[in-house]
Number of protein chains: 2
Amino acid sequence: MGRFKRTIYLHMKTLEEARAVWQEAMGGYRTAVEQIATEQALGRVSARPVTARLSVPHYHGAAMDGYAVKASHTFGASDVRPLRLELGRQAVPVDTGDPMPEGTDAVIMIEHAQEVDGTAIEIRQAAFPWQHVRKVGEDIVAGELLLPQQHRLRPADLGAMLAAGVSQVPVFAQPRVWIQPTGTELVPARRAAQAKPGQIVEFNGTVIASLVRENGGVPLLQDVVADDYESLLDAVRRAAVSPADVIVLNAGSSAGSEDYTVSILKELGTLLVHGVAMMPGKPVLLGRVESKPFIGLPGYPVSAIMAFEQFLRPLLHWMQGLAEPSDPTVEAVLGRKMPSKLGLEEFVRVILGRVQGRLVAMPLQRGAGVITSLTRADGLLRIPQEVEGINEGEPIRVRLLRSEDALEKTLIMIGSHDNTVDVLASELKRLDARLHLSSSNVGSLGGLLAVRRGQAHFAGAHLLDPETGDYNRRYVERYLAGTPVRLVRLVRRQQGLLTAPGNPKKIRGIEDLFREDVRFVNRQAGSGTRILLDYELERAGRSPEGIQGYDWEEYTHMAVAVNVLSGTADCGMAIFAAAAALGLDFIPICQECYDLVIPEACWTDPKLEFLLDVIGSERFLERVRALGGYDPSESGTVVGVWDGTAWRETKS
Amino acid sequence: MGRFKRTIYLHMKTLEEARAVWQEAMGGYRTAVEQIATEQALGRVSARPVTARLSVPHYHGAAMDGYAVKASHTFGASDVRPLRLELGRQAVPVDTGDPMPEGTDAVIMIEHAQEVDGTAIEIRQAAFPWQHVRKVGEDIVAGELLLPQQHRLRPADLGAMLAAGVSQVPVFAQPRVWIQPTGTELVPARRAAQAKPGQIVEFNGTVIASLVRENGGVPLLQDVVADDYESLLDAVRRAAVSPADVIVLNAGSSAGSEDYTVSILKELGTLLVHGVAMMPGKPVLLGRVESKPFIGLPGYPVSAIMAFEQFLRPLLHWMQGLAEPSDPTVEAVLGRKMPSKLGLEEFVRVILGRVQGRLVAMPLQRGAGVITSLTRADGLLRIPQEVEGINEGEPIRVRLLRSEDALEKTLIMIGSHDNTVDVLASELKRLDARLHLSSSNVGSLGGLLAVRRGQAHFAGAHLLDPETGDYNRRYVERYLAGTPVRLVRLVRRQQGLLTAPGNPKKIRGIEDLFREDVRFVNRQAGSGTRILLDYELERAGRSPEGIQGYDWEEYTHMAVAVNVLSGTADCGMAIFAAAAALGLDFIPICQECYDLVIPEACWTDPKLEFLLDVIGSERFLERVRALGGYDPSESGTVVGVWDGTAWRETKS
């Protein structure tokens, strides 16, 4: 093991070193310059300074509707001494935009002149020279610099160029990027539904192509080639002689493909960087094939995206004469301790929202394969390689993946997840497109603790008190002393046992979990469902010993359901909605209450007021009923007002 | 006059009112929902929540290269007590991504196993269940909510959908916008060079189409129609029955076309708003034709763009289920007093840069016809209607038209303009694409005053001291007492008289300016060129009286040149480069010095150090020589070091 690791680390560069090598090698690389029609140049980048060919305006024109006159003829006119000008000779009617007739140099507004007999006008005020006249070159003078080189063209820039007679503009060609997915068991995304075990759905190609497009490039997405040396070599050779400006190889996930790529790069070009001390994104390869930049992107989707941003994104900008764009960042406090490996630059996806005045960042899952950690993220936290981790509550800089303004409209929910929360999120968005619900699923107890630390706008909880049969109140008393909150019922819901369709093992209730032929999958300690199971076991007078899989913990209802569906387990406990979603059989055990725990400090936040309106709306209730397994008769009711030390009376 | 104005103001709404009316009428308007291939959905907006069709991964797979085993078979293995597992039966070789063989639930990494005789492996550590296994649904569980509705799809979103088997996605159709340019004397932009006096080059159509595209719409740009009632009515009728979702009419510049539009709107639909108290953008019209939103955009380009942003941009977002995007703003201090009309919301284009720690905003020209006021702007300052103006030095919020980060790389130059400054700007950009030079041309003295107020990184000045024949030093002493600066020579340049090509009036020197048949165009008081002219007049023993046009002031060399070119004047004084740019004749009068005045406080700013490097570079000098009329032999020399009270020795 030691030897293997050492080999890797010997050639691995820090992110900073790798970026410096890359910029040194590629920073001056440009695409060809091409002339294109100005009308088509939106978003393109000028390759040379653009100068005006014509002046704007290109003639002296009237800037008002009225009469063109020679100013010196009007001198002396006043209220006391009105002046007459002969129509046609001394005063020529003009509309805005008309050229000034020969010999005139001012316009008198139509409202300031009185026509007399249709032959003259009378004025009571003198005109000054060039009054209400747009003179030649007032906006743009021919020969003048209109736009600098290396400038991304915006709508108004196109207008200025067209106005100044520049109908063709020299721009950098859009970088063409050869994108080569590789892998022996890849299935095209369109055939995802037919994928067999061992076959991986190819979607990185589309992701990379979209990223290329977003950064001004033209993706040339290729068909998948097999993950063997000859196929890869052949693909890279074809790329080298193609019109592509950049070659991107998206590695297979096996270690072998990385070695192949290194060999190919050494054979056909130059290897610049092999491995970067970043996570995700470590196995990136940088080099050159003939004169073309070459990037080997890792196989895991999040790794590929992170490596794209560090290396391909700046390259695409350099090639068009632009600087690498800078990303907006924001200061936040970290909601949960994040350990991190020394010597590795780590990128952690977080959700972000302003809770009680502070911007809070809650880390999402870290796996490089988990693409939803990016789709759900509001921000990206970078932990520098010299830092071993960040403590809860520490101030941090987070790169924004949504607009800063959007964060002010984000509701942070932490705790247990329920499918009606997704309905809630969707209804919120439908009624106000700016409202966004970001959630972190850490179980009911985790939610209460987040509320205590002021990290969430609300928690979702379904914590049974085995002594009273009541929900959540006992836990609020225990964990939220000193933190006033209100409990709002979201729904009552069915909990029960999930089995494969048709219930092949004939499971009828809790007793069957003790059978030798039944493998169970459990929820994590602290989750409401786990507490419920333990309560039911106690009621049945049984201890958990003897249940196969009692120690196997999953974090969500759906994770339990999918284990049952895939046959990893025969049975698990979850809500009806999870069984319905995957077509599993469901044996009801009991109905439980799922409540929102809302800190008093957030109660008057307009976002929460809006949330409560939605919960009370007929449309929400209908959608919840349609899910099945839910009883929304108490939805929106305040079932408890906790002042931090005691419950106050409510009229629920 | 009174009556006309009153008619307008009676129906004009404040910007806030007009936006409220528009949102009330159109806020819920949506385009049709269409199903498109996920691969093609970048940037589109989901019309419904998207749920996963497949789990990801869809099978239990090896997460490492190694051996698949049943964890319970490995219990007890240790360094002291290595354990053997039979290859093929108890330990199956797997690569990353391979499906887990039946009966196995853990992977032992290849580095942690020792092959024995090719028939078994030996391990020294037990595996725990599901070690190095990516389980079904670890990332995504079928049925789970992947993305909310009304969500703009990003590259990672496409990846997540494809991975989860979602190959088609319901999105809002892109709003199709009928863009109808109107006007009787419009020339298509492609034929700009052939435009005759009175003919206006049509470019608003391209600007509006580009804005529509930037905001997710599909522009349907029409041919120009004449500015008369019947033609406009016909165009709107055709738009109404077309597949367009929105109708935009870009008004002709005459007052008549506005009246026509109002009549048409009343005849075919509903008029919602006629005129908004904003500037530029006042003559905007909002309404509905049949069920389609209708916007009449003003004819002046800046007005059209401002009205687009206030009304069409939000509409295009609403139609796709999105909220109107918010614009980033920044706090700055205003560099020059800006009066503003009470009762009118005014949008002022400004340049922005950080000078001596403060972000300074300098207003550009205000005219609604001046499109370069937008192309040159770094920001947009909004003066509310209840404010009569803003004082110099007042803190203001400015909407950014470039990234905040870019402002830190912006050099602000105020003062006299010279064509070599454009060369400087272009060389800066070539060497570092992030560097941007924003300039405000207010003449040499204006530049010194801006330096005194700390509003510029440097000024450009060519101020002759008639007593000594020296440049700039005397003015620095007079205006910059207490403000240490350095004077750096940029160039020596030819000043002279400009005449029409061939010099038809046979002008040979200053004396000819007094001829009766010669109309002169002058520069503004305080400009270096004006001072130079007065000096030459004094040397010739003449007073300015008797020069026709001495009081006619233009603000730039090029403005003087264009007046000569267009025949408005017979002669003006300017630099050689201005004559050369427009092909005018040039009668040299003298050589003068053009210096940069750099505040000591900015001297060590890396941007200025870089600027000085560029001035000293051979490439810059060559490009300056190529312009003609310049002597760069002293370029880059420090010609004076002023400590605020006296000049210090320099070794120039």
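## Polar contacts across the interface

A polar contact is a pair of N or O atoms within 3.5 Å, where, within protein, one atom must be able to donate a hydrogen and the other to accept it, and where residues adjacent in sequence count only if both atoms are side-chain atoms. In this predicted model, that rule finds 20 residue pairs in polar contact across the interface of chain A and chain B, both residues of a pair being at pLDDT 80 or more.

Several elements of chain A each supply at least two residues of the side that touches chain B, among them strand E11 (145–147), helix H4 (155–163), helix H11 (419–431) and helix H15 (557–565). Helix H4 of chain A gives the most to that side, with 8 residues.

## Extent of the interface and its salt bridges

The size of an interface is often given as the accessible area lost when the parts come together. Here chain A and chain B bury about 8000 Å² between them, and 63% of this area lies on carbon and sulfur atoms. The contact involves 99 residues from chain A and 99 residues from chain B.

Between chain A and chain B the count of salt bridges is 2. A salt bridge links B:Lys135 with A:Glu554, whose closest N and O atoms are 2.6 Å apart.

## How the two chains are related

Chain A is superposed on chain B by a rotation of 180° with 0.0 Å of shift along its axis, and the RMSD is 0.1 Å. That is the relation of a two-fold axis. In chain A, the C-alpha nearest the axis belongs to A:Pro328, which lies 5.2 Å from it. Because 100% of the interface residues of chain A are also interface residues in chain B, the copies meet through the same surface.

## Domains of chain A

Chain A is divided into five parts: domain 1 (2–29 + 175–319), domain 2 (33–56 + 138–172), domain 3 (61–134), domain 4 (328–408) and domain 5 (449–648). The C-alpha centres of domain 3 and domain 5 of chain A lie 83 Å apart.

## Backbone details

Most residues other than glycine have a negative phi, and most peptide bonds are trans. The peptide bond from A:Val56 to A:Pro57, however, is cis, with omega near -10°, and A:Pro57 is found in the loop between strand E2 (50–51) and strand E3 (61–62) of chain A. In chain B, a cis peptide bond joins B:Met279 and B:Pro280, with omega about -5°.

A:His132, a residue other than glycine, has a positive phi near 55°, and its place is in the loop between strand E9 (120–123) and strand E10 (133–134) of chain A.

Notes. Residues numbered from 1 in each chain as written. Chains lettered and ligands numbered in written order. Predicted model: local features only at pLDDT ≥ 70, side-chain atom pairs only at ≥ 80, totals over all residues. Heavy atoms only, no water. Domains from an automatic or database assignment. Contact = heavy atoms within 4.5 Å. Buried area = accessible area lost by both parts, 1.4 Å probe. Salt bridge = Lys/Arg side-chain N within 4 Å of Asp/Glu carboxyl O. Helix = DSSP H or I, 4+ residues; strand = E, 2+ residues; numbered from the N terminus. Least-squares fit on C-alpha atoms with pLDDT ≥ 70 in both.
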